[in-house]
Structures are given as C-alpha cells and as structure tokens.
Amino acid sequence: MGKRSSGSSTPKDLFPQSVKIMFKILHSQRLVPNIHLLTIKAAEVARALDPGNFVILRPNEEGERIPLTPSNWNIEEGTITIVFMMVGSTTHQLASLHAGDDIPTVVGPLGNPIDLPEGKNVLLVGGCYGIGSLYPIAKTLREKGNRVIVVLEARSKNLFYWLDQWESIADKLILISRDGTKGLRGHVYDNLPGIINSLPEIPDLVIANGCNYQMKRTSDATQTANIKTLVSLNTLMIDGTGMCGVCRVSIAGEMKFACVDGPYFDGHQVNWDELAKRRRSYLPEETIPFQTSRAEVPIHSINHSRLRE
C-alpha cells in the first residue's frame, strides 16, 4: 500500500469541534430594588419576536434554563431587553452579569404571540416585572390604533420604573401604590372597579401581567364587569417547550400547557386555585439555594432531601 499523502485529511480535520455561540450582555442595570434589566445581543431572536412571545435564558454553562418575557427589542441593533425580578438563584446570577459578559443560551421566540385588536379601548394592568413586559404590547396596540389606558401597581413610589416611557405611550396612566406614596392607595383590585367606572368608555379588553395573585384579582374584578381579560402564565414554566409538563394549567376545565398553548389565556377561564397549589409545590426547590453557603456547588447537585430535614 502507498503512503498516506501529507495533504490528506485526518478524522480530526473531517470532524472539527462545533463552534460555541455566545450572547453578549450589552447593558446591565438595577432599575429598582429587586428588578433588573439586561440588554443582550441576539439578532436572530430580535428579528423574530412578536408581543406575547417569551425566551429562554441560561446564565452559564451549568445554569438553569428559565423563561422570561422580553420587555423591548431592536431589530436594527439586533438586541433584546429583558426586565425581570430577582427571586431565585438563577435570576440573581443573571443580575450579577455585567456589560461585556457572555451567556450561552438565548432561545426564542417561544410561545404564541398575543392576539391584539385594532381601534379598541384596551386597559393594561402591570406590576413588578409586568411593568416592563407589557411595554411591547402597549407599543403594538398604539400602532394598531387602539386607545391604551395603563394601570401600574407597586408597593411604594420607589418601586415604579420606566414611567417616562409609559407616559409617552399611554393615553392615560394611572399609578397605584400600596402605601399611597404615589398615585392611588391600595391594591389593583381595590381600585380597578372605580377606575373602570371613571373611564369615558368601558374597556373592550384588559391585559394583565404581574404576580399570579394580582392577575387573579384583576380577573375577578373584570369578570364582574364582563370585560374580556388576558393574563400571562409564563411564571409556571421550566422547560418552555412542552416536554416537562410542569406548566400544566386548567383552562375552562381543559388541561393546557402554558408554554405551548399560551402564555396568554383568558383570565376568567383559569383555575386559579389549582394554579396556586401547583406553584406552592416548588417552593422548597426555590429556597434551597439560599439555605446553603456552598456557592460553588451547582444547584441541581445539592442533596435536596438533606436540606429538607
């Protein structure tokens, strides 16, 4: 047999290592206590996003995948902006990132775009991270010729953010703080009936995004007024692609997956009691990372049973 020529390919040449794609953090900012903003370079995702979609982020190679709703995106610059609440280990890891850092995973768009009307009166209700995630919906509603009334809720005046953006886009902006330090005093559900009755026209649609309790109480108030209400249930998700089944939710007596059938559903058809019970079943896993000082140990390698003893 002849000798192998020096120019022939070796198996290593034929099967080069795959190129690792990373996504660069362009901006990282704490907006208010417990609410953080990240702007990420992700051009293909930005080009494909629609209001109502969500994305999956992972802060590092060993990190957990979590679903988050984009609060803005710029197709020309190829960026997406995420506003999120720091509630667990993964969101704290994301908040610790700085401009110039890279993350390994930005997957999207996932979920279904929200179906928005044209030429109607639409009331948006947002709290905490929902103040940010409702913003793309508001922009699209205005582009479609709708009148947009916005109600934002926070515990106190120092927890409101993006008010300049909201004032520039809303036909009417109403603020509610639990302690009365800015706007109306109390909760959304205390004030919403009065707000609706004070409007020149009853809203044709209400869209709510915030904690589950806020969305439930908003749905209770609008059901009395017989106003269609859409709520976002992306906080139930883990995998985000319909494979794990964790985000099962009963809608009008029928089982749905929040990730592939939603994330927006009719709030009057959600079984909120069942949803609350499912959310509570994961509280131990959410608190485990804060019960150990072994920060170098990946979350999923911790012996959960011992920490529960």
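Biologist: In this predicted model, how do the axes of helix H7 (residues 188–198) and helix H8 (residues 212–224) lie to one another?

Modeller: In general, two packed helices are described by the angle between their axes and the distance between the axes. Here the axes of H7 and H8 come within 9 Å and cross at roughly 35 degrees, and the crossing is right-handed.

Biologist: Which residues of H7 and H8 meet there?

Modeller: From H7 the contact draws on Val-188, Tyr-189, Leu-192, Pro-193 and Ile-196, and these meet Tyr-213, Gln-214, Arg-217, Thr-218, Ala-221 and Thr-222 in H8. Sorted by class, the contact of H7 with H8 has seven nonpolar, three polar and one charged residues.

Biologist: Where does the charged end of Arg-217 sit?

Modeller: The charged end of Arg-217 sits over the ring of Tyr-189, at 3.7 Å from the centre of that ring.

Biologist: Turning to the rings, how many aromatic pairs does a search of the whole structure find?

Modeller: The search finds four aromatic pairs. To read one of them, look at the distance between ring centres and the angle between ring planes: for Tyr-135 and Trp-162 the centres are 5.5 Å apart and the planes stand at 70 degrees, and because planes over 60 degrees apart count as edge-to-face, this pair is edge-to-face.

Biologist: Which parts of the chain does the pair of Tyr-135 and Trp-162 link?

Modeller: The pair links distant parts of the chain, since Tyr-135 is in helix H5 (residues 135–143), whereas Trp-162 is in the loop between strand E10 (147–154) and helix H6 (163–169), 27 residues apart. The rings of Tyr-161 and Trp-162 also pair, with centres 6.3 Å apart and planes at 75 degrees, so that pair is edge-to-face. Tyr-135, Tyr-161, Trp-162 and Trp-166 form one aromatic cluster.

Biologist: Are Tyr-161 and Trp-162 buried or exposed?

Modeller: Burial is read from relative accessibility, with buried meaning under 20%. Tyr-161 has 5% and therefore counts as buried, and Trp-162, at 13%, counts as buried as well. Tyr-135 is also buried.

Biologist: What does the chain come to in helices and strands, and what share of its residues count as buried?

Modeller: The secondary structure of the chain comes to twelve helices and 17 strands, and 48% of the 309 residues count as buried. Among contacts between residues at least 6 apart in sequence, 65% join residues at least 24 apart.

Methods. Residues numbered from 1 in each chain as written. Predicted model: local features only at pLDDT ≥ 70, side-chain atom pairs only at ≥ 80, totals over all residues. Heavy atoms only, no water. Phe/Tyr/Trp six-rings, centres within 6.5 Å; stacked < 30°, edge-to-face > 60°. Helix = DSSP H or I, 4+ residues; strand = E, 2+ residues; numbered from the N terminus. Buried < 20%, exposed > 50% of the residue type's maximum accessible area, 1.4 Å probe, protein only. Lys NZ or Arg CZ within 6 Å of the ring centre and 35° of its normal. Axes fitted to C-alpha atoms, helices over the stretch in contact; angles between N-to-C directions. Left-handed = near helix turned anticlockwise from the far one by under 90°. Contact = heavy atoms within 4.5 Å. Nonpolar A, V, L, I, M, F, W, Y, C, P; charged D, E, K, R; others polar.
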